[in-house]
Amino acid sequence: MSRDGLPRLADLARARMSRRGLLGAAALGGVGLATGGAAVALQTPGPHLGELPDTSAMHHAMASVGDIRADGFDPTAYLTDFDYGKVSILPTGQPLREYYIVAEDAEIEVAPGVFFPAWTYNGQVPGPTIRATEGDRVRVHFTNKGLHPHTIHFHGIHGATADGAFEQVSPGGTYTYDFDAEPFGLQMYHCHAVPLKKHIHKGLYGAFIIDPKQGRPPARELVMMMNAFDTNFDDENEVYAVNSVAFHYQKHPIRIRQHELVRVYLGNITEFDLVNSLHIHGNFFKLFRTGTDLERFEWTDIVTMGQGERAVLEFSYKHTGPFMFHAHQSEFAELGWMGIFQVEPALNA
Ligand code: CU
Ligand code: CU
């Protein structure tokens, strides 16, 4: 039983996965068909056990799955949910932004009916997207309510005491990270307690946007963190996603307007696999690696990143209709890292 008296959901999910052969499939070690079959099993609530992992089975499974998630995290809301902090002005005139982050253990739902015993920042994976402007003072008040020592390590330029690498915060402990926001771009934060791969893959990470002083052109802005979950604890991932929930943006396409400028803040925090990638259909994007340059970009339709890498992508759709976006590692796409942009006609078209 869990602390709230309910049956432990992760145990139930593990039992379900084992019934459906997921544990066995994972034991085969990344064999494409076996893990593809696992994706179908994950997505299918009942009688489809043993079906071949073909496209029609996948589509049938998608259509039959409910949308009510137990942990309260909504990946669609996460896309545009920015925490600008509590703002005040220091005597020096420098803006101060204060953020409150609590590490806590929580079970999250990474696919319908599949629960993962996560370690979270503020109860969600990824943690809140922290947003500041270049030159602001950032002060993060961290409390560890988890059962293990944790930290917050920020990417960026800052002093050693704000780096979150050495000062492990014990359960019940607190720490304040205090630094200037620099350089502008898409940064990231994550726990840096050991063993690092465990503290990261359990869910302790989030996006950290530092806006340039002069801003960027107006756009529809979306945060995407490519992540994955080792649901049976064999040091391999069984579920892949962007923003934690397998196939969420396939079932709930991201609606954008034709010709509308879209800006994606994309990070890769996937553990165990060496790289992850994003590919968009029917379009190309401007790729600003780490988002640290406003002028120079690459013009492409795939970006491939190692763990911890980030990029800012800008694009607008010339054509209307549904367009896929997904990992160009086909195995990842079949295990959940797949979504759709639904491009609606321009308002004045
Ligand atoms: Cu940790
Ligand atoms: Cu890092």
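**Figure 1. The bridge between L266 and A311.** L266 has A311 of β19 as its bridge partner. This pair belongs to a predicted model. Strand β14, residues 262–268, and strand β19, residues 310–315, are antiparallel and share six bridges. Both strands are part of an open sheet of six strands with mixed pairing, in the order β12-β11-β14-β19-β16-β17. At its edges stand β12 (239–242) and β17 (298–300), each of which pairs on one side only. From one strand to the next, the twist averages 25 degrees.

**Figure 2. The whole chain and its confidence.** The protein has 349 residues, of which 43% count as buried. Eight helices and 21 strands are assigned. Among contacts between residues at least 6 apart in sequence, 68% join residues at least 24 apart. Mean pLDDT is 85, and 80% of the residues reach 70 or more. Over residues 1–66, pLDDT stays under 50; the model has 86 contacts beyond four places in sequence for this stretch. Where pLDDT is low, the predicted coordinates should not be read in detail.

**Figure 3. The pairings of strand β3.** Strand β3 covers residues 95–111 and is joined to β2 (residues 86–89) by four bridges, in the antiparallel sense. I89 has P95 of β3 as its bridge partner. The hairpin of β2 and β3 has five residues between the strands, and in its turn G93 has a positive phi of about 95 degrees. With β4 (residues 114–121), β3 again runs antiparallel, over eight bridges. Here the bridge partner of A103 is Y121 in β4. Two residues lie between the strands in the hairpin of β3 and β4, where G113 takes a positive phi near 80 degrees. Strand β6 (residues 137–144) runs parallel to β3, and eight bridges join them. One of the pairs is I101 with F142 of β6.

**Figure 4. The largest nonpolar core.** This core has 81 residues, and those with the most contacts inside it include V110, M224, V239, Y240 and W337. Strand β11 (residues 220–229) gives the most to the core, with seven residues. Domain 2 (75–211) and domain 3 (220–344) both contribute residues, so the core lies between them. Leaving out residues up to four places away in sequence, V110 touches F116, F229, V239, A241, S244, V245 and A246.

**Figure 5. Two residues other than glycine with positive phi.** Most residues other than glycine have a negative phi, and most peptide bonds are trans. S244 has a positive phi near 80 degrees and lies in the loop between β12 and α7 (248–251). S244 counts as buried because 26 C-beta neighbours are inside 10 Å. H259 also is not a glycine, and its phi is positive at about 70 degrees. The loop that holds H259 runs between β13 (254–257) and β14. H259 counts as partly exposed because it has 15 C-beta neighbours inside 10 Å.

Figure 6. V125 and P126 are joined by a cis peptide bond, with omega about -5 degrees. P126 sits in the loop between β4 and β5 (129–133). The bond from E182 to P183 is also cis, with omega near -5 degrees. P183 is placed in the loop between β8 (174–180) and β9 (185–190).

Definitions and conventions:
Residues numbered from 1 in each chain as written. Chains lettered and ligands numbered in written order. Predicted model: local features only at pLDDT ≥ 70, side-chain atom pairs only at ≥ 80, totals over all residues. pLDDT = per-residue confidence, 0-100. Contact = placed C-beta atoms within 7 Å. Pairing = 2+ DSSP bridges. Axes fitted to C-alpha atoms, helices over the stretch in contact; angles between N-to-C directions. Core = buried A, V, L, I, M, F, W, Y, C linked by C-beta atoms within 7 Å. Buried ≥ 20, exposed ≤ 12 C-beta atoms within 10 Å, placed from the backbone. Domains from an automatic or database assignment.
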